[in-house]
Amino acid sequence: MFTNLFSSIESVLVVSLLLTPVVSGLLITLLKRKRIIETTTIISSSLILIQGLFLLPYILEKKTISIFDGTFYLDSLSAIMIITISLVGFLASLYSVNYMGRQYDKLIVDGKKLVRYYQGFNMFLFTMLLVPVSNNLGIMWIAIEATTLVSVLLIMLYTKQGSIEASWKYLLIATVGLSLALFGIIFFYYANSVYDDSFDSTHGMDWTNMVENAPYFDPNLVKFAFIFILVGFGTKAGLAPMHTWLPDAHSEAPSPISALLSGVLLNCAFYGLLRFHIISSHSIGPEFSNTLLIVLGIISLGIAAASIYFQKDVKRMLAFSSIEHMGLISVSVGFGIFLGIYGALLHVINHAVVKSLLFFSSGSISQKYQTKSIADTSGIIKTMPITGFMFLIGGLAIIGMPPFNIFMSEFLMLSSGFSSENFLASALVILFLVVIFASFGKHLLHMVFGNPKSEMKKEDLGKLSILPMIILVSIIFIMGIYVPEPLQTLIEDATKIILVGGVNS
């Protein structure tokens, strides 16, 4: 078995990708000294990014990688998730040194909490990386549930009343949602097992096996199962009306964790939803699941628009923005044409980059101003020139202003709505985006260009907080005018997988 596991370079890379954060977490548990655990996490996350980038050409060339007797399976859709997780994880590890270091210096966290933070950070990366490499849908479900358990501990790091309440709310709602998703997986497994007497129970839970057998599934059972999947994984992905945990959890978590929650974790849950959308489409056609995705996406956009307009807390505003963008991705996938799915997958990456920038910059701002209140945070560009500029770029990007990256993916998604003749849905999407544009823009201008309420020393908070933001801003500008060719190919291949529903699409 182990000979087969390590029979190729890509096999070694996949296993190493998963083991790196685990080893890092163990080292942190043993070493515990502040500088050492910070350095260990940075090295670990940089190795994860390097390994993810090294995997990319193998996936582009071979289209699929299957190891460990099919337990691990990677295709272009998996690769998009791995690159996004590893990039945001690496930048969050850099930002954490300054952000958590300042909290340690100010006695907000002690040595034990700092160790717990970096243990949780590494295990969070491990659980998220396990999601896109798992072919067995049971293992994928376990990985998504594990992301909940690990992130709950990170959200309640400060052990304040607000963070504990947010953690329990998140744990209960997400666990109930994922329990429903588990029922959906069981129903899909049952549909796979009853169609043929020669059913292979060993691989019956594998995604590749289900896709191959999907045309023979009972259509009524597939519809029933997919509703469970949609509600279950949709809850974790932040789709309304199952979104209620998200603003509380994201606002109470440390800012680097908020970036991972918003930029990456939501994508992991939506990735699980996409895998079952492919099975359902291959079984009964895409119309059923497409319609449900469009409906939930529009509801998410509507709730986000109303919430952002009335929002008074910076991090909660950013959390509702995440609900908006997950809704937009859902609607675009639901449009069911190549242009929309391509735009949605590009938007997965673009949103992760921009939202990470916003949570990083807002984290530094809240440390400087000692508040998360929008009304009490003004004149950032005057008190924190570099951070204020970064926050401004992130704010303009997130509302879809050109020439930033989100404008490109939003343009593709909106174009797909009209191309697919979903005129009512497209009109509603545009209406809600206009409301969000005006509401978010109003808050942004006040925070960046308003007059500070008190005299503050003009300074930014540390080079290691600025460096990740500079990298993210660079990506935002580059991706706004040019998508690198390997990434284009990757997204095109992933789009074909979703459209055709085949393993070797």
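## Close-up views of a predicted model

View 1. Ser-409 is buried, its relative accessible area being 0%, where buried means under 20% relative accessible area, exposed over 50% and partly exposed in between, judged with a 1.4 Å probe on protein chains only. The residue belongs to helix H17, which covers residues 405-419; helices (H or I, at least four residues) and strands (E, at least two) are DSSP runs, numbered from the N terminus. Leaving aside residues up to four places away in sequence, Ser-409 touches Gly-343, Leu-346, His-347 and Asn-350, a contact being heavy atoms within 4.5 Å. This is a predicted model, in which local features need pLDDT of at least 70 and side-chain atom pairs count only at pLDDT 80 or more, while totals for chains, interfaces and linings use all residues. Residues are numbered from 1 along each chain as its sequence is written, and side-chain values use heavy atoms, with hydrogens and water left out.

View 2. The model holds four cavities of 30 Å³ or more, and the largest cavity contains about 60 Å³ of space. A cavity here is a set of points, on a 1 Å grid over the protein atoms alone, where a 1.4 Å probe fits but cannot get out, and lining residues have an atom within 4 Å of a point. Grid points are joined across faces, edges and corners, and a volume is the space filled by probe spheres set on the points. The largest cavity is lined by Leu-77, Ile-80, Met-81, Asn-267, Phe-270, Tyr-271, Leu-274, Leu-345 and Val-348. Two or more lining residues come from each of helix H4 (76-105), helix H11 (255-284) and helix H14 (338-369), and H11 gives the most, with four residues. Sorted by class, the lining has eight nonpolar residues, one polar residue and no charged residues; in this scheme Ala, Val, Leu, Ile, Met, Phe, Trp, Tyr, Cys and Pro count as nonpolar, Asp, Glu, Lys and Arg as charged, and the others, Gly among them, as polar.

**View 3. The salt bridge between Arg-275 and Asp-75.** The side chains of Arg-275 and Asp-75 meet in a salt bridge, at 2.7 Å from N to O. Arg-275 lies in helix H11 and Asp-75 in the loop between strand E2 (72-74) and H4, so the pair ties together parts that are 200 residues apart in sequence. A salt bridge is a side-chain nitrogen of Lys or Arg within 4 Å of a carboxyl oxygen of Asp or Glu, and by this rule the count comes to seven. Arg-275 is buried, with a relative accessible area of 3%, and Asp-75 is buried as well, at 0%.

View 4. Glu-10 and Lys-62 meet through their side chains in a salt bridge of 2.2 Å, N to O. This pair links distant parts of the chain, 52 residues apart, since Glu-10 is in helix H2 (residues 9-31) and Lys-62 in helix H3 (residues 34-62). Glu-10 counts as buried at 6% relative accessibility, whereas Lys-62 counts as partly exposed at 42%. A salt bridge also joins the side chains of Lys-169 and Asp-248, at 2.7 Å from N to O. Lys-169 lies in helix H7 (residues 161-194) and Asp-248 in helix H10 (residues 245-252), so this pair ties together parts that are 79 residues apart in sequence. Lys-169 is partly exposed at 31% relative accessibility, and Asp-248 is buried at 18%.

**View 5. Leu-260 in the largest nonpolar core.** The largest nonpolar core has 176 residues, and Leu-260 is one of those that touch the most other members, together with Phe-188, Phe-233 and Ile-279. Such a core is a set of buried Ala, Val, Leu, Ile, Met, Phe, Trp, Tyr and Cys residues joined through side-chain atoms within 4.5 Å. Not counting residues up to four places away in sequence, Leu-260 touches several residues, including Val-88, Ala-92, Phe-121, Phe-124 and Met-128.

**View 6. Backbone details in the loops.** The peptide bond from Ala-240 to Pro-241 is cis, with omega near 5°, and Pro-241 is found in the loop between helix H9 (219-237) and H10. Pro-402 and Pro-403 are likewise joined by a cis peptide bond, with omega about 5°, and Pro-403 sits in the loop between helix H16 (385-398) and H17. Lys-32, a residue other than glycine, has a positive phi near 70°; Lys-32 lies in the loop between H2 and H3 and is exposed, with a relative accessible area of 52%.

Note on methods
On a 1 Å grid over the protein atoms alone, a cavity is a set of points where a 1.4 Å probe fits but cannot get out, and a pocket is an open set with protein on both sides within 12 Å along at least five of seven lines; lining residues have an atom within 4 Å of a point.
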